[in-house]
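Please look over the sequence and the structure shown here before reading on.

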Amino acid sequence: MSAEPWPLRLWLGGTLALPRMAEFALARRVHRGQNSAPARLGERLGRAGLPRPQGRLIWINAASVGEVASVAELARDLMDEGNHVLVTTTTTTGGVRARAVEGALHQYQPLDTARATRRFLDHWRPDLACFVEGDLWPRLLAETSARRVPLALLNARPSRSRVRAPRLSAAMLARFDLVTAQNEAVREEIVSLGLPESTVLAPGDLKSAAAPLPADPARLAALRAEFDGAPLWAAVSTHAEDEPAVINAHLAARERHPGLRLILAPRHPDRGEAVARALEQAGLNVSRGETPGRAEVWLVDRLGETGLIYRLAPLVFLGGSFGPQGGHNPWEAAALGAALLHGPRVGNAQQAHAALDAGGAAREVAEAQALGDAVAELIGASELDAMRAAARRIMSDRGQARPRTLAALRQFMVERVAPDDPSSKAVQ
């Protein structure tokens, strides 16, 4: 451990010596209502809520809803080949999405303490551990690696921390036996940290190859009838830094488009009350029901509605791009033919936004006035139709990331993962 950077040594030492402090802090958050899955607190402490099935188990650690969506089809591919799949998440929204992956098991990721991670690994005994994108926890990686469980990092994305803390990043990434990167630039960035070139591949961005988000056809038809051809746009995955711009943009754009309506879906549904107050203070009529009614703004503060929204609204502003969040996955909207607007701060998905911008499917707006101008200009215009057509064209060319990643995992499992022996994995 002496060769490892001191922040990593400090973290590993602290998570070994002070597990009760972290567990106490988590329990306090639950009691204060800051954790929306209190009944499953035990999972965060490493206590399994499900038995381990017999046979080969592939564990996929996907932090939140976007990461789960990107690997959902891959998880189904792995299950189709006879593997059991366990998906762990840190967020409740991710948990909801994971439980929608038919056949997969879901648990919450254990705290990054020695006690919690060891309990988790003692029970689940994964044959392969896959971490998605970049949510890497030192203790969880160290304990998994110590048990000689093969480790794969899937769909690695650009990361500012690799530039700011290259030694720390290199030490974390060195534990992985296979890395798949979203593009060649990310691959080169990771190889430059010292990883063997043969272990780092660039099969493409899994988020761009994910299956379109689902939507109930009957409900979609009913909602289209309710909007009744009114001019419509949406703001999705918004944060507190985005919403003033969205409100001002809507107020400005409706002057040019009387009857303009807005669907607003905050990234975190538990912020619904605060968002509703802000809308009402701006003089906007708001609906928070299952349907929009006649309200000017339909505030969707529930999970599982995004597939409907992207099918309903021809123009979508994607949030997280005016504040420090770094933007969100634009592929889901593009896959359903929505034209996209986004702010300038999209570091988490820079390549994806750049590809959609360059292809004519998306446009960057610098601030609130520019957002209002863009909405007013595009609603009902031929350019909006052209942007939507460009989105469909771009997405039709991006289906190879998943089969390439699956092929890499297959080869990796042949080389590194023990053959499936159901009798060696007793149900607990």
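Predicted model: local features only at pLDDT ≥ 70, side-chain atom pairs only at ≥ 80, totals over all residues.

Residues are numbered from 1 along each chain as its sequence is written, and side-chain values use heavy atoms, with hydrogens and water left out.

**The two sheets**

Helices (H or I, at least four residues) and strands (E, at least two) are DSSP runs, numbered from the N terminus. Two strands count as paired if DSSP finds at least two bridges between them.

Strand S2 (residues 84–89) pairs with S3 in the parallel sense over four bridges. Threonine 89 stands opposite tyrosine 108 in S3.

S9 and strand S11 (residues 297–299) are parallel and pair over three bridges; isoleucine 263 has tryptophan 298 in S11 as its bridge partner. S8 and S12 run parallel and are joined by three bridges, and the partner of alanine 235 in S12 is phenylalanine 317. Four bridges join S12 to strand S13 (residues 339–342), again in parallel. There, phenylalanine 317 has leucine 341 in S13 as its bridge partner.

In a regular strand the side chains alternate between the two faces of the sheet. In S12, Leu315 and Phe317 point one way, Val316 and Leu318 point the other way, and all are buried. Buried means under 20% relative accessible area, exposed over 50%, and partly exposed in between (1.4 Å probe, protein chains only).

**The nonpolar core**

In soluble globular proteins, nonpolar side chains tend to be buried together. A nonpolar core is here a set of buried Ala, Val, Leu, Ile, Met, Phe, Trp, Tyr and Cys residues joined through side-chain atoms within 4.5 Å. The largest such core has 33 residues, and Ile263, Tyr310, Leu312, Val316 and Leu356 touch the most other members. Among the elements that each supply at least two residues of this core are strand S8 (232–238), strand S9 (261–266), strand S12 (315–318) and helix H17 (350–358).

Contact means heavy atoms within 4.5 Å. Apart from its neighbours within four places in sequence, leucine 356 is in contact with Pro330, Trp331, Ala334, Leu340, Ala361, Ala362 and Ile394.

Valine 275 is in helix H14 (residues 272–281). Its relative accessibility is 2%, so valine 275 counts as buried. Beyond its neighbours within four places in sequence, valine 275 is in contact with Glu243, Leu264, Pro266 and Leu299.

The buried residues of helix H6 (residues 114–124) include Ala114, Phe120, Leu121 and Trp124. H6 is followed by arginine 125, whose phi is positive, near 40 degrees.

**Pockets and cavities**

On a 1 Å grid over the protein atoms alone, a cavity is a set of points where a 1.4 Å probe fits but cannot get out, and a pocket is an open set with protein on both sides within 12 Å along at least five of seven lines; lining residues have an atom within 4 Å of a point. Grid points are joined across faces, edges and corners, and a volume is the space filled by probe spheres set on the points.

The structure holds two cavities of 30 Å³ or more.

| Space | Volume | Element giving most lining residues |
|---|---|---|
| Second largest pocket | about 150 Å³ | helix H20 (residues 401–416), five residues |
| Largest cavity | about 40 Å³ | H16, three residues |
| Second largest cavity | about 30 Å³ | helix H4 (residues 65–80), three residues |

The lining of the second largest pocket includes Asp177, Leu178, Phe412 and Arg416. Residues lining the largest cavity include Lys207, Trp331, Glu332 and Met395. Glu332 is also one of the residues lining the second largest cavity.
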